[in-house]
Amino acid sequence: MQFIDSHTEGEPTRVILSGGPDLKPGPVSQLARQLLAEHPGFYRSTLMEPRGHDAMVGALLVPSQQDDCCTGVIYYNPVGNLGMCGHATLGTAVTLAHLGRIQPGCHRFETPVGVVEVELHDAHRASVRNVESFRYRKDVSVEVPELGPVVGDIAWGGNWFFLTKTCPVPLHFDQIESLTRYARLIMAALRTQGITGEEGGVIDHVEFIGAPHHPDARGRNFVLCPGGAYDRSPCGTGTSAKVACMAADDELAPGEPWVQESIIDSRYTLVYEPGPNGGVIPTVTGTAYVTAVGELVFDAADPYVGGITP
Ligand code: PYC
(Lines give C-alpha, C1' and ligand atoms only; values in the text may rest on other atoms or scores of the structure.)
Protein backbone atom coordinates (compact mmCIF):
# COMPACT_ATOMS: atom_id res chain seq x y z
CA MET A 1 0.00 0.00 0.00
CA GLN A 2 1.61 3.28 -1.11
CA PHE A 3 1.06 6.24 1.21
CA ILE A 4 2.06 9.82 1.84
CA ASP A 5 1.88 11.35 5.30
CA SER A 6 1.42 15.02 5.97
CA HIS A 7 0.31 17.24 8.79
CA THR A 8 -2.10 20.14 8.58
CA GLU A 9 -1.54 22.66 11.37
CA GLY A 10 -0.11 19.77 13.41
CA GLU A 11 -2.79 17.13 12.71
CA PRO A 12 -1.58 14.12 10.70
CA THR A 13 -3.14 12.74 7.53
CA ARG A 14 -2.11 9.48 5.85
CA VAL A 15 -3.21 9.45 2.19
CA ILE A 16 -3.52 5.90 0.81
CA LEU A 17 -2.61 6.25 -2.83
CA SER A 18 -2.84 2.65 -4.06
CA GLY A 19 -3.10 -0.93 -2.84
CA GLY A 20 -6.21 -0.28 -0.68
CA PRO A 21 -9.28 -2.56 -0.57
CA ASP A 22 -11.10 -3.33 -3.82
CA LEU A 23 -14.43 -1.50 -3.81
CA LYS A 24 -17.23 -1.86 -6.34
CA PRO A 25 -17.71 1.35 -8.38
CA GLY A 26 -20.31 3.78 -7.07
CA PRO A 27 -20.81 7.14 -5.37
CA VAL A 28 -18.22 7.82 -2.66
CA SER A 29 -20.93 7.61 0.05
CA GLN A 30 -21.61 4.04 -1.09
CA LEU A 31 -17.89 3.19 -1.24
CA ALA A 32 -17.50 4.42 2.34
CA ARG A 33 -20.33 2.16 3.54
CA GLN A 34 -18.80 -0.77 1.67
CA LEU A 35 -15.37 -0.10 3.16
CA LEU A 36 -16.81 -0.15 6.68
CA ALA A 37 -18.94 -3.26 6.14
CA GLU A 38 -16.45 -5.39 4.23
CA HIS A 39 -13.02 -4.23 5.38
CA PRO A 40 -13.23 -3.54 9.12
CA GLY A 41 -9.55 -4.40 9.60
CA PHE A 42 -8.41 -1.69 7.18
CA TYR A 43 -8.85 1.12 9.70
CA ARG A 44 -6.58 -0.03 12.53
CA SER A 45 -4.07 -1.80 10.35
CA THR A 46 -3.26 1.30 8.30
CA LEU A 47 -3.40 3.91 11.07
CA MET A 48 -2.63 2.41 14.47
CA GLU A 49 0.64 1.30 16.01
CA PRO A 50 2.94 -0.26 14.91
CA ARG A 51 2.47 1.63 11.58
CA GLY A 52 0.93 4.79 12.95
CA HIS A 53 -0.80 6.13 16.08
CA ASP A 54 -4.29 6.92 17.31
CA ALA A 55 -4.33 10.58 16.22
CA MET A 56 -3.82 9.69 12.55
CA VAL A 57 -6.58 10.33 10.04
CA GLY A 58 -6.59 8.35 6.81
CA ALA A 59 -7.65 9.54 3.37
CA LEU A 60 -8.31 6.67 0.98
CA LEU A 61 -8.28 7.92 -2.60
CA VAL A 62 -11.07 6.33 -4.66
CA PRO A 63 -12.41 7.05 -8.15
CA SER A 64 -15.17 9.63 -8.40
CA GLN A 65 -17.97 9.11 -10.90
CA GLN A 66 -18.55 12.86 -10.99
CA ASP A 67 -16.82 14.24 -14.09
CA ASP A 68 -15.93 17.54 -12.43
CA CYS A 69 -14.16 15.93 -9.43
CA CYS A 70 -10.45 15.19 -9.65
CA THR A 71 -10.76 12.45 -7.00
CA GLY A 72 -13.03 10.76 -4.54
CA VAL A 73 -11.79 10.45 -0.98
CA ILE A 74 -12.95 8.52 2.09
CA TYR A 75 -11.69 10.03 5.34
CA TYR A 76 -11.33 7.64 8.24
CA ASN A 77 -9.79 7.22 11.66
CA PRO A 78 -8.77 4.07 13.54
CA VAL A 79 -12.39 3.30 14.51
CA GLY A 80 -14.36 4.10 11.34
CA ASN A 81 -15.29 6.63 8.67
CA LEU A 82 -15.50 10.39 9.01
CA GLY A 83 -18.06 12.29 6.93
CA MET A 84 -15.82 15.17 5.92
CA CYS A 85 -12.47 16.21 7.34
CA GLY A 86 -11.11 19.72 6.97
CA HIS A 87 -7.49 19.10 7.88
CA ALA A 88 -7.31 15.88 5.82
CA THR A 89 -8.75 17.68 2.77
CA LEU A 90 -6.01 20.32 3.03
CA GLY A 91 -3.44 17.55 3.60
CA THR A 92 -4.73 15.61 0.59
CA ALA A 93 -4.53 18.71 -1.62
CA VAL A 94 -0.93 19.36 -0.59
CA THR A 95 -0.12 15.65 -1.08
CA LEU A 96 -1.60 15.65 -4.61
CA ALA A 97 0.41 18.79 -5.36
CA HIS A 98 3.56 17.09 -4.03
CA LEU A 99 2.91 14.28 -6.51
CA GLY A 100 2.35 16.77 -9.33
CA ARG A 101 -1.25 15.52 -9.75
CA ILE A 102 -2.78 18.94 -9.13
CA GLN A 103 -1.53 22.48 -9.66
CA PRO A 104 -2.41 25.72 -7.86
CA GLY A 105 -6.04 26.55 -8.68
CA CYS A 106 -9.49 25.12 -7.94
CA HIS A 107 -10.30 21.42 -7.69
CA ARG A 108 -13.28 19.38 -6.55
CA PHE A 109 -13.14 16.31 -4.27
CA GLU A 110 -16.12 13.97 -3.82
CA THR A 111 -16.48 12.96 -0.14
CA PRO A 112 -19.11 10.71 1.46
CA VAL A 113 -21.11 13.77 2.56
CA GLY A 114 -20.86 15.80 -0.64
CA VAL A 115 -18.51 17.54 -3.03
CA VAL A 116 -16.07 20.06 -1.57
CA GLU A 117 -14.11 22.65 -3.50
CA VAL A 118 -10.43 22.98 -2.80
CA GLU A 119 -8.31 25.92 -3.83
CA LEU A 120 -4.61 25.18 -3.79
CA HIS A 121 -2.79 28.48 -3.26
CA ASP A 122 0.79 27.15 -3.35
CA ALA A 123 2.73 24.03 -2.35
CA HIS A 124 1.56 24.28 1.28
CA ARG A 125 -1.46 26.53 1.59
CA ALA A 126 -4.99 25.59 0.56
CA SER A 127 -8.62 26.47 1.25
CA VAL A 128 -11.57 24.11 1.34
CA ARG A 129 -15.13 25.25 0.75
CA ASN A 130 -16.93 22.83 3.03
CA VAL A 131 -20.37 21.25 2.84
CA GLU A 132 -23.29 23.28 4.20
CA SER A 133 -23.00 23.47 7.97
CA PHE A 134 -25.76 24.26 10.44
CA ARG A 135 -26.76 24.33 14.07
CA TYR A 136 -29.29 21.65 14.86
CA ARG A 137 -30.05 22.42 18.55
CA LYS A 138 -29.03 25.24 20.88
CA ASP A 139 -28.40 25.01 24.64
CA VAL A 140 -28.82 21.27 25.05
CA SER A 141 -28.16 20.09 28.59
CA VAL A 142 -26.43 16.77 29.22
CA GLU A 143 -25.86 15.37 32.71
CA VAL A 144 -22.21 14.33 32.98
CA PRO A 145 -20.62 12.38 35.84
CA GLU A 146 -18.11 14.58 37.77
CA LEU A 147 -19.23 17.69 35.81
CA GLY A 148 -22.98 17.88 36.44
CA PRO A 149 -25.13 19.53 33.75
CA VAL A 150 -23.13 20.61 30.70
CA VAL A 151 -24.89 22.91 28.23
CA GLY A 152 -23.87 23.06 24.58
CA ASP A 153 -24.98 23.29 20.97
CA ILE A 154 -25.29 20.40 18.53
CA ALA A 155 -24.08 21.35 15.06
CA TRP A 156 -23.08 19.76 11.74
CA GLY A 157 -19.89 20.76 9.98
CA GLY A 158 -19.45 17.58 7.94
CA ASN A 159 -19.46 15.56 11.20
CA TRP A 160 -21.68 15.97 14.27
CA PHE A 161 -20.32 18.11 17.12
CA PHE A 162 -21.35 18.96 20.65
CA LEU A 163 -19.84 22.39 21.34
CA THR A 164 -19.61 23.72 24.85
CA LYS A 165 -17.93 26.50 26.83
CA THR A 166 -18.30 24.43 30.02
CA CYS A 167 -14.90 23.05 30.86
CA PRO A 168 -13.42 22.79 34.35
CA VAL A 169 -9.83 23.34 33.17
CA PRO A 170 -8.31 26.03 30.93
CA LEU A 171 -7.77 25.34 27.22
CA HIS A 172 -4.02 24.95 27.71
CA PHE A 173 -1.73 22.41 26.12
CA ASP A 174 -0.55 21.26 29.56
CA GLN A 175 -4.18 20.28 30.35
CA ILE A 176 -4.48 17.79 27.45
CA GLU A 177 -4.98 14.81 29.74
CA SER A 178 -7.80 16.42 31.73
CA LEU A 179 -9.40 17.92 28.60
CA THR A 180 -9.40 14.49 26.97
CA ARG A 181 -10.89 12.86 30.06
CA TYR A 182 -13.70 15.44 30.44
CA ALA A 183 -14.51 15.36 26.72
CA ARG A 184 -14.71 11.56 26.83
CA LEU A 185 -17.11 11.77 29.79
CA ILE A 186 -19.33 14.15 27.79
CA MET A 187 -19.18 11.92 24.71
CA ALA A 188 -20.21 8.88 26.80
CA ALA A 189 -23.02 10.83 28.48
CA LEU A 190 -24.39 11.97 25.09
CA ARG A 191 -24.51 8.31 24.05
CA THR A 192 -26.14 6.97 27.20
CA GLN A 193 -28.71 9.80 27.26
CA GLY A 194 -29.58 9.22 23.59
CA ILE A 195 -28.63 12.78 22.53
CA THR A 196 -27.92 12.79 18.81
CA GLY A 197 -27.68 14.95 15.73
CA GLU A 198 -30.48 15.20 13.20
CA GLU A 199 -32.08 11.88 12.21
CA GLY A 200 -30.19 10.07 14.96
CA GLY A 201 -26.76 11.10 13.63
CA VAL A 202 -24.12 10.02 16.15
CA ILE A 203 -22.34 12.95 17.82
CA ASP A 204 -18.78 11.69 17.61
CA HIS A 205 -16.85 14.91 18.27
CA VAL A 206 -16.87 17.01 21.45
CA GLU A 207 -15.52 20.55 21.17
CA PHE A 208 -14.57 22.82 24.06
CA ILE A 209 -14.58 26.44 22.93
CA GLY A 210 -13.00 29.44 24.61
CA ALA A 211 -10.91 32.57 24.30
CA PRO A 212 -7.78 32.62 22.13
CA HIS A 213 -4.21 33.12 23.33
CA HIS A 214 -2.84 34.74 20.19
CA PRO A 215 -3.92 38.36 19.55
CA ASP A 216 -4.74 37.56 15.88
CA ALA A 217 -7.13 34.72 16.77
CA ARG A 218 -10.80 35.07 17.72
CA GLY A 219 -11.44 31.65 19.28
CA ARG A 220 -9.61 28.62 20.65
CA ASN A 221 -10.74 25.01 20.84
CA PHE A 222 -10.00 21.51 21.99
CA VAL A 223 -11.67 18.80 19.91
CA LEU A 224 -12.02 15.16 20.90
CA CYS A 225 -12.21 12.88 17.86
CA PRO A 226 -14.17 9.59 17.61
CA GLY A 227 -11.22 7.29 18.36
CA GLY A 228 -10.50 9.14 21.62
CA ALA A 229 -7.54 11.21 20.37
CA TYR A 230 -7.62 15.00 20.23
CA ASP A 231 -7.28 17.12 17.11
CA ARG A 232 -3.95 18.95 16.96
CA SER A 233 -5.36 21.30 14.30
CA PRO A 234 -8.26 23.72 14.94
CA CYS A 235 -10.53 21.08 13.29
CA GLY A 236 -11.99 22.18 9.97
CA THR A 237 -15.36 20.52 10.44
CA GLY A 238 -15.47 21.55 14.12
CA THR A 239 -14.79 25.19 13.31
CA SER A 240 -17.37 24.99 10.50
CA ALA A 241 -19.86 23.84 13.15
CA LYS A 242 -18.76 26.71 15.43
CA VAL A 243 -19.16 29.26 12.63
CA ALA A 244 -22.64 27.86 11.89
CA CYS A 245 -23.59 28.46 15.55
CA MET A 246 -22.23 32.01 15.51
CA ALA A 247 -24.04 32.76 12.25
CA ALA A 248 -27.27 31.42 13.77
CA ASP A 249 -26.77 33.79 16.75
CA ASP A 250 -25.92 36.75 14.46
CA GLU A 251 -22.44 36.90 16.01
CA LEU A 252 -20.52 36.60 12.71
CA ALA A 253 -21.39 38.17 9.37
CA PRO A 254 -20.93 36.50 5.97
CA GLY A 255 -17.39 37.11 4.70
CA GLU A 256 -16.10 38.23 8.11
CA PRO A 257 -12.89 36.31 8.91
CA TRP A 258 -12.86 34.04 11.95
CA VAL A 259 -9.39 32.94 13.05
CA GLN A 260 -9.60 29.73 15.06
CA GLU A 261 -6.72 28.58 17.24
CA SER A 262 -6.10 24.94 18.18
CA ILE A 263 -4.95 23.53 21.49
CA ILE A 264 -1.37 23.53 20.10
CA ASP A 265 -1.75 27.19 18.96
CA SER A 266 -1.97 26.47 15.21
CA ARG A 267 -4.58 28.50 13.29
CA TYR A 268 -7.16 28.34 10.51
CA THR A 269 -8.96 31.28 8.96
CA LEU A 270 -12.62 30.79 8.07
CA VAL A 271 -15.18 32.85 6.25
CA TYR A 272 -18.69 31.78 5.43
CA GLU A 273 -21.37 32.48 2.88
CA PRO A 274 -25.07 31.77 3.48
CA GLY A 275 -26.05 28.25 2.42
CA PRO A 276 -29.07 27.34 0.25
CA ASN A 277 -30.82 25.49 3.10
CA GLY A 278 -30.53 28.07 5.89
CA GLY A 279 -27.07 27.02 7.07
CA VAL A 280 -23.66 28.37 6.10
CA ILE A 281 -20.97 27.31 3.67
CA PRO A 282 -17.63 27.82 5.42
CA THR A 283 -14.29 28.10 3.65
CA VAL A 284 -11.35 26.95 5.76
CA THR A 285 -7.78 28.05 4.97
CA GLY A 286 -4.68 26.42 6.43
CA THR A 287 -1.25 25.01 5.76
CA ALA A 288 -0.01 21.44 5.36
CA TYR A 289 3.42 19.82 4.92
CA VAL A 290 4.37 16.39 3.62
CA THR A 291 6.25 14.41 6.27
CA ALA A 292 6.78 10.91 4.79
CA VAL A 293 6.46 8.98 1.55
CA GLY A 294 6.38 5.20 1.75
CA GLU A 295 4.82 1.79 1.50
CA LEU A 296 2.91 -0.02 4.25
CA VAL A 297 3.91 -3.68 4.49
CA PHE A 298 1.50 -6.32 5.87
CA ASP A 299 3.35 -9.54 6.74
CA ALA A 300 0.93 -12.37 7.55
CA ALA A 301 3.44 -13.76 10.05
CA ASP A 302 3.44 -10.51 12.04
CA PRO A 303 1.33 -10.98 15.23
CA TYR A 304 0.45 -7.27 15.07
CA VAL A 305 -0.30 -7.14 11.35
CA GLY A 306 -3.77 -5.75 12.07
CA GLY A 307 -2.51 -3.01 14.41
CA ILE A 308 -2.27 -3.10 18.19
CA THR A 309 -5.71 -3.31 19.78
CA PRO A 310 -6.11 -2.19 23.39
O1 PYC B 1 -10.29 18.89 10.45
O2 PYC B 1 -12.38 18.35 10.20
C3 PYC B 1 -11.27 18.15 10.67
C4 PYC B 1 -11.05 16.96 11.53
C5 PYC B 1 -11.98 16.08 11.97
C6 PYC B 1 -11.32 15.14 12.74
C7 PYC B 1 -9.99 15.47 12.77
N8 PYC B 1 -9.85 16.61 12.01
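# Terms and values in a predicted model

Author: Aspartate 265 is found in the loop between β14 (258-261) and β15 (267-274). Helices (H or I, at least four residues) and strands (E, at least two) are DSSP runs, numbered from the N terminus. Residues are numbered from 1 along each chain as its sequence is written. The model is predicted: local features need pLDDT of at least 70 and side-chain atom pairs count only at pLDDT 80 or more, while totals for chains, interfaces and linings use all residues.

Reader: What makes aspartate 265 partly exposed?

Author: Aspartate 265 has 15 C-beta neighbours inside 10 Å. A residue is buried with 20 or more other C-beta atoms within 10 Å of its own, exposed with 12 or fewer, and partly exposed in between, with C-beta atoms placed from the backbone. The value 15 falls in between, so aspartate 265 counts as partly exposed.

Reader: What is the phi of aspartate 265?

Author: Phi is positive there, about 80 degrees, although aspartate 265 is not a glycine. Glutamate 146, in the loop between β9 (134-144) and β10 (148-156), also has a positive phi, near 75 degrees. Most residues other than glycine have a negative phi, and most peptide bonds are trans. The peptide bond from glutamate 49 to proline 50 is cis, with omega near 10 degrees; proline 50 sits in the loop between α2 (41-47) and β3 (57-62).

Reader: How do you know whether glutamate 146 is buried or exposed?

Author: Glutamate 146 has 8 C-beta neighbours inside 10 Å and therefore counts as exposed. Glutamate 143, in strand β9, has 11 such neighbours and counts as exposed.

Reader: What is glutamate 143 in contact with?

Author: Leaving aside neighbours within four places in sequence, its contacts (C-beta atoms, placed from the backbone, within 7 Å) are Pro149, Ala189 and Gln193. Glutamate 143 and glutamine 193 are 50 residues apart in sequence and 8.3 Å apart in space, C-alpha to C-alpha.

Reader: Why is proline 12 called buried?

Author: Proline 12 has 23 C-beta neighbours inside 10 Å, so it counts as buried. This proline is in strand β2 (residues 11-18) and touches Asp5, His7, Ala55, Met56 and Val57, not counting residues up to four places away in sequence.

Reader: Which residues have the most contacts inside the largest nonpolar core?

Author: They are Ile74, Tyr75, Ala93, Ala155 and Ile186, in a core of 83 residues. Such a core is a set of buried Ala, Val, Leu, Ile, Met, Phe, Trp, Tyr and Cys residues joined through C-beta atoms within 7 Å. Among the residues that tyrosine 75 touches are Val57, Leu82 and Cys85.

Reader: Which residues are around the ligand?

Author: With the C-beta atom, placed from the backbone, within 6 Å as the test, they are Glu11, Val57, Leu82, Cys85, Gly86, His87, Cys225, Asp231, Ser233, Cys235, Gly236 and Thr237. Helices α3 (86-98) and α5 (236-248) each supply at least two residues of this shell.

Reader: What makes α3 oblique to α5?

Author: The axes come within 5 Å and cross at roughly 130 degrees. That value makes α3 oblique to α5, because angles under 35 degrees count as roughly parallel, over 145 as roughly antiparallel, 65 to 115 as roughly perpendicular and the rest as oblique. Axes are lines fitted to C-alpha atoms, for helices over the stretch in contact, with angles from 0 to 180 degrees between N-to-C directions. In this contact, Gly86, His87 and Thr89 in α3 meet Gly236, Thr237 and Ser240 in α5.

Terms used: Contact = placed C-beta atoms within 7 Å.
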